[in-house]
Amino acid sequence: MSSKRVKLTADEFVKEAVGIVSKASEKGVVLRILGALGVYIHSVDKPGVLDIYEKLGRFKGEGLVFTDLDLMGYSKQRKEIIELFEKDLKFNYDPYVKALFAGRRLIYYHPAGLYQVDVFFDKLEFSHDIDFGSKPGKGLLELDYPTVSLAHLVLEKLQIHEINWKDLVDLFVLFYSHNLCSLEGVKTRECIDDDLISSLLSDDWGFWYDAMLNIVKLKEMLTGKLAEGVIGSDIAERVLDRLDALVRRVESTPKTKNWIKRSKVGT
């Protein structure tokens, strides 16, 4: 079994993860990369990103460690995904998770113990739900490749009830290296779809509450690093401007009855 520590360099791990998604695609199976690795893959080629990672110490000491590979798939392809990992890739499965949670999640271990893979089906269910749909061609996983969309990478971090430093750094990198689609004036895979984010947050008060709180925490981290001289004002201003624009977009989006009803309950 894996020790929850990836025993590969970042570049080697990227190659492994993209290889799995590519092999799945060849078989008509939709898998997309989530989490910190998804952020890294989508951002590392952008100017200045490696320098930010370095200045913030994201890849030093314990910060260097990717704990596992998180993938999202469709439950309609569960059988094909199991076949991919167990027959084609020869990964070992976690029997406890497979017996009790196979409809929602599977855990696999690299045959040489190099890393663990968590495969989620249809939605992330942690502090708040992020739903991708259940059927190929009719869900949201196809919005991007080989990762989930930028908006979903952002939402994955914003939904955390007690966010940690690494997740704040990942959010920092996402907003530094990618603009909002509304500010770009066109939607592409290289901008953060703030329409998608605002639509979800305007229907779920609890998610909205944690997301807004996490944005405040990210701003505090940014201003702190600026005061310490770790990052320059140009970097801080770029990220803060985009965060402010996202908050304005979310706040200006009409709230649903579900949101309004839940807001009356409060924390």
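**Briefing: overall fold and nonpolar core**

The protein contains 12 helices and 7 strands, taken as DSSP runs of H or I with at least four residues and of E with at least two, numbered from the N terminus. This is a predicted model, in which local features need pLDDT of at least 70 and side-chain atom pairs count only at pLDDT 80 or more, while totals for chains, interfaces and linings use all residues. Residues are numbered from 1 along each chain as its sequence is written, and side-chain values use heavy atoms, without hydrogens or water.

**Overall dimensions**
- Along the principal axes, the C-alpha atoms fill a box of roughly 50 × 45 × 35 Å.

**Burial and contacts**
- Buried residues form 52% of the 267 residues, where buried means under 20% relative accessible area with a 1.4 Å probe, protein chains only.
- Of the contacts (heavy atoms within 4.5 Å) with a separation of 6 or more, 69% join residues 24 or more positions apart.

**Nonpolar core**
- The largest nonpolar core has 87 residues, of which Leu31, Leu69, Phe85 and Phe172 touch the most other members.
- Helix α10 (residues 205–228) gives the most to this core, with 9 residues.
- Such a core is a set of buried Ala, Val, Leu, Ile, Met, Phe, Trp, Tyr and Cys residues joined through side-chain atoms within 4.5 Å.
- Leaving aside residues up to four places away in sequence, Leu69 touches residues including Phe13, Ile33, Tyr115 and Asp118.

Technical notes: Buried means under 20% relative accessible area, exposed over 50%, partly exposed in between (1.4 Å probe, protein chains only).
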